[in-house]
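Subject: Structure handover

Hello,

Here is the structure I said I would pass on.

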Amino acid sequence: MTFELETAKSPETLRRVAIDPVSRVEGHGKVTILLDDNNKVHQVRLHIVEFRGFEKFIQGRPYWEVPVMVQRLCGICPVSHHLAASKALDMMLGVKQLTPTAEKMRRLMHYGQMLQSHALHFFHLSSPDLLFGFGSDVATRNIVGVVAAHPEVAKKGVLLRKYGQEVIRMTAGKRVHGTGSIPGGVNKSLSTEERAELLKDIYQMVAWSRDAVGIIRGLFEQNLTQYNAFGRFRSAGMCLIRADGAMDLYHGGLRARDIDGKPLFDHFDYSRYWDVIGEDVKPWSYMKFPFFKSLGTEDGSYRVGPLSRVTMCDHIPTPLADKEREAFLAFDGGSAAGATLGYHWARMIEMLHSVESIKDLLHDDDITGHDLMATGERQERGVGVIEAPRGTLIHHYRVDENDQVIRANLIVSTTHNNQAMNTAVREVAKQYLDGVEITEGLLNHVEIAIRAFDPCLSCATHALGQMPLEIAIVGADGTVLDEATRDHRGLTREFGEVREPS
Amino acid sequence: MSNELTFQLDGEDISFTPGQTIMQAAKAAGVYIPHLCWHPDFPAHGSCKLCTVKVNGRFGSSCTMEAQAGMSVENRTAELDDKRRTLLQMFFVEGNHFCPSCEKSGNCTLQATAYELKMMSPHFDMFYPDRPVDASHPDILLDFNRCIMCSLCVTASREVDGKNVFAMGGRGILGRRIHINSESGKLADTDFAVTDRAASICPVGVILVKRKGFAVPIGERQYDKTPINEQVKEPTA
């Protein structure tokens, strides 16, 4: 992979456009773009500029507190962190096999999480861009605008997410930041009433999830050239895979393919992930840059998440989603499967798979069982890997003989995708910003590329249209030449309105 | 009965026997007076001041003040609850109380009392005291971050267990803390046992049985279904 546009040759002669903050993800995100006098793009970087420090402040805490504490990393996908930490600590406790009830309750929780997160990501956060157009009026480019213009789409999105939240509440105890999964098992199973409550609406959810796949397919058909080209780049990929090669979002071995789709490793035991994955550091971002060790830091970046999972698995083990996977891969000669916006299509296929999996689990009597905990022979360390909504999530802990965590390493999905998101942002800047006058609508294209990967970077913008955004064009000597700001009421000051001297 | 001893608590007649404190009489009658350091099994400590009531117009600690026939006691008035809320806020900022990841959440007297008194924020600046965890004991974890200096563990260990494992020591808001009575200062070097009365006396999340955290699901914890003011007659841990 080339890192063109990562570092300009003579940055001191260029002016700088900053999107700051993009929004929160493990801290604030910021995009900087360096332009010359002819608006030609010379450098684009996605910076993650705030330090979170969970790996540090978990040190010294008792291990059983970890799954509850670390899930606070995120308000959208806390279940993923809750479960990845639990899996790591299962390993530390020497638990090789959970009880059937515990494993199925955790899977149910995870699929509920996938459903609510994917629905939120697609309907609430990304559909405004897709339904109204990338540079459409910022005043209506939000979920409220979708409710007004496409009430049926908005209703399905809201109710799909709500159903997922209910699954989480019944498995974890709360819709956000629950306690259901504990090292060695779970603390509850489903009651008969809870099971009946969820079964009541599950077939409606299956139908609506199929509709959702149809929506994104229709958008691709209508905007084929634009969608295929938008921020497109070739990349290596990684995901968890079941022993038979099927998609498994909860457990499996690691599968990786290079930029040409050739296998790098397969069914790799993730408890030694550091043998195949390294973490590079760059001076301009607090977020690390993971890479495949066999390819090195320059060529070893990869992408994770729905697009990698759907394109790299051999099949999806639920029938409706697998049929959609085949259609996705066959679409236009496979073009969508390599597109950055193909993430959304793959995401909706996964949402359908999650709903189908919830349906199957609800029909399994183990889900109401009472054997919740397993035990084993204690180990010093544990690694837990799960496929979170945005991609592969690695939790790694070492625990001392007093039960205190002494070391923690977390590689979250967004971190795996760091280089990929940077590349997508550069491609979009090259396609849309190079040589033209920059407007809010054009800058939104940059955010759309990020949103394809990660709503954590965009939640404030599209959840309520309230993301504060400051764009400043800075001269080579550091003076602000022009700026635009947007507050919670929308665009309040546009380019060209000269800033009063302070 | 004409010879029954009573006093008025928020306008309600409360019976008592000679020698009973206002708190004891109120509990026997099923009336909740907010408190933290008082426990029915032990002598009153009188340190948290949360049980302050107004007796005939003057402030007093209901856990130490003996009931007298005919006295008029104010308890759940806006004025007193406001002061109690302020006291609670001071408890929260003096320690490191992070309810969201605390395993005592849902079973914690401090948290339940804060809900009861509708404390919405800590209000004051946090002190963030440095209070290292003692995880040396094989069965018990001591997380001093949450200590409210009620000294119930000191009393329980000394009076019931006959071990004298804990002591209050130090001076000042950041210096005062629970000490462990061993040369190393570590719990592992005492004869403390998980079966001790002191192991289950802590009203907050300091003295914790290891490897049990979060085993009880949300919805089944002590204060999930019934608020603390409706558990007056329930046995206190």
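What follows is a short account of what was found in it. Please keep in mind that this is a predicted model.

Overall make-up of chain A

Chain A contains 16 helices and 17 strands. It has 502 residues, of which 52% count as buried. If one takes the contacts in chain A between residues at least 6 apart in sequence, 69% of them join residues at least 24 apart.

Nonpolar cores

The largest nonpolar core is made of 135 residues, and A:Leu115 and A:Val425 are the ones with the most contacts inside it. Helix H4 of chain A (residues 100–132) supplies the largest share of this core, namely 12 residues. Both domain 1 (11–51 + 422–493) and domain 2 (54–416) of chain A contribute to the core, with at least three residues from each.

As for A:Val425, what does it touch once residues up to four places away in sequence are not counted? The list is A:Val31, A:Val44, A:Leu46, A:Val446, A:Ala449 and A:Ile450.

There is also a second, separate core, which has 55 residues. B:Phe16, B:Met23, B:Phe192 and B:Ile207 are included in this second core. As general background, nonpolar side chains in soluble globular proteins tend to be buried together.

Helix H3 of chain A

H3(A) covers residues 78–92. Just after H3(A) comes A:Gly94, with a positive phi of about 80°.

A hairpin in chain A

Strands E7 (residues 253–257) and E8 (residues 263–268) of chain A pair in the antiparallel sense, over 3 bridges. A:Arg257 has A:Pro263, in E8(A), as its bridge partner. Between the two strands of this hairpin there are 5 residues, and A:Gly261 takes a positive phi near 85°.

Regards

How values were computed: Residues are numbered from 1 along each chain as its sequence is written. Chains are lettered from A and ligands numbered from 1 in the order in which they are written. This is a predicted model: local features need pLDDT of at least 70, side-chain atom pairs count only at pLDDT 80 or more; totals for chains, interfaces and linings use all residues. Two strands pair if DSSP finds at least two bridges between them. Helices (H or I, at least four residues) and strands (E, at least two) are DSSP runs, numbered from the N terminus. The expected span of a helix is 1.5 Å times one less than its number of residues. A residue is buried if 20 or more other C-beta atoms lie within 10 Å of its own, exposed if 12 or fewer, and partly exposed in between; C-beta atoms are placed from the backbone. Two residues are in contact if their C-beta atoms, placed from the backbone, lie within 7 Å. A nonpolar core is a set of buried Ala, Val, Leu, Ile, Met, Phe, Trp, Tyr and Cys residues joined through C-beta atoms within 7 Å. Domain bounds come from an automatic or database domain assignment.
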